[in-house]
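Dear colleague,

Please find the sequence and the structure below. My notes on what was found follow directly after.

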Amino acid sequence: MTNPSARRLERLVRGQATSDGAGVKLTRIVANELHQRLDPFLMLDAFGSDKAGDYIAGFPDHPHRGFETVTYMLHGRMRHRDSAGNEGLLKNGDVQWMTAGRGVIHSEMPEQEEGLMSGFQLWLNLPAKDKMCPPWYRDIPSGQVPEFTTEQGVTVRVIAGHSQGTDGSVQRDATQVLYLDLHFPEGASAHFDQALPSQHNAMVYVYQGSMDVVCGEDTAAVPAQHLAILRNEGDHVRLSAGQGTRALLLAGQPLREPIVQYGPFVMNTKEQIIAAMDDYRAGRLA
Ligand code: CO
């Protein structure tokens, strides 16, 4: 017997090793070719190294327009400064949510010369009507990220959206974004259920340990450092893991609008990209 209302695994994706900024080594988990499939998500990068040479150069001043960046720091210290006058220090467990909107120029620089730095940066698209909105920025210290522990011992950090009655730090009407960080218990296997409308695109990235996507008697294994894209069916997902597995669960309402990306600009038409580049060159972006 299977439970047809639970989501199944569609496919597994392995990130690609790359570098960005001034030479920061990272793993690009969601890249351009998944734009359409994972709409409204544009990119997901994981960074993690205890070798300073992999991160020390940071991300000096660069522009963005047309979407939001969400940085989730697991370990380390990173200083953010932007042209809208915002500044913040991101450290263990903190979240930074930046809506680039019509444009922002920012830098993200390590504030450590040794030790482990790890975390994630997610790019979340904005609907056409909001792409030219004023920039917005919020630092969410780790202690303010809403968190709960299920009866089975799964700790759930609700960065965005809603989970089992807990509201996340940020809510978005157009994309209905859900962003959870799940910590499974060290010992025996526990499961975690999350309600998910079938039309929302959803994915799980396992960054420590491994887990199963469970649908009735069927289970599909997701190994460490793999992204599981979930099929668009059913009304929830059931994830099962023990041994201290940690994973991000992300879901969102697709925007179904044209996506035209040129580097740090993500708009709906080529003309809008040309306008973004003109504005940047002319100093009108900040
Ligand atoms: Co940036």
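**Findings**

At 37% relative accessibility, Gln225 counts as partly exposed, a class that lies between buried (under 20% relative accessible area) and exposed (over 50%), computed with a 1.4 Å probe on protein chains only. Gln225 sits in the loop that links strand S21 (218–222) to strand S22 (226–230); strands here are DSSP runs of E with at least two residues, numbered from the N terminus. Its phi is near 60 degrees, a positive value in a residue other than glycine.

Please note that this is a predicted model, in which local features need pLDDT of at least 70 and side-chain atom pairs count only at pLDDT 80 or more, while totals for chains, interfaces and linings use all residues. Residues are numbered from 1 along each chain as its sequence is written, and side-chain values use heavy atoms, with hydrogens and water left out.

Gln176 also has a positive phi, of about 50 degrees, although it is not a glycine. This residue belongs to the loop between strand S16 (166–167) and strand S17 (178–183). Gln176 counts as partly exposed because its relative accessibility is 42%.

Another backbone feature is the cis peptide bond between Asp39 and Pro40, with omega about 15 degrees. Pro40 is located in the loop between strand S3 (24–30) and S4.

Strand S4 (residues 41–49) pairs with strand S11 (residues 117–125) in the antiparallel sense over 8 bridges; two strands pair if DSSP finds at least two bridges between them. Leu122 in S11 is the bridge partner of Leu44. Both strands belong to an open sheet of 7 strands with antiparallel pairing, in the order S2-S3-S4-S11-S6-S9-S12. Its edge strands, S2 (16–20) and S12 (136–140), each pair on one side only.

Not counting residues up to four places away in sequence, Tyr179 touches (heavy atoms within 4.5 Å) several residues, among them Val70, Tyr72, Phe120, Leu122 and Arg157.

Yours sincerely

Definitions and conventions: Helices (H or I, at least four residues) and strands (E, at least two) are DSSP runs, numbered from the N terminus.
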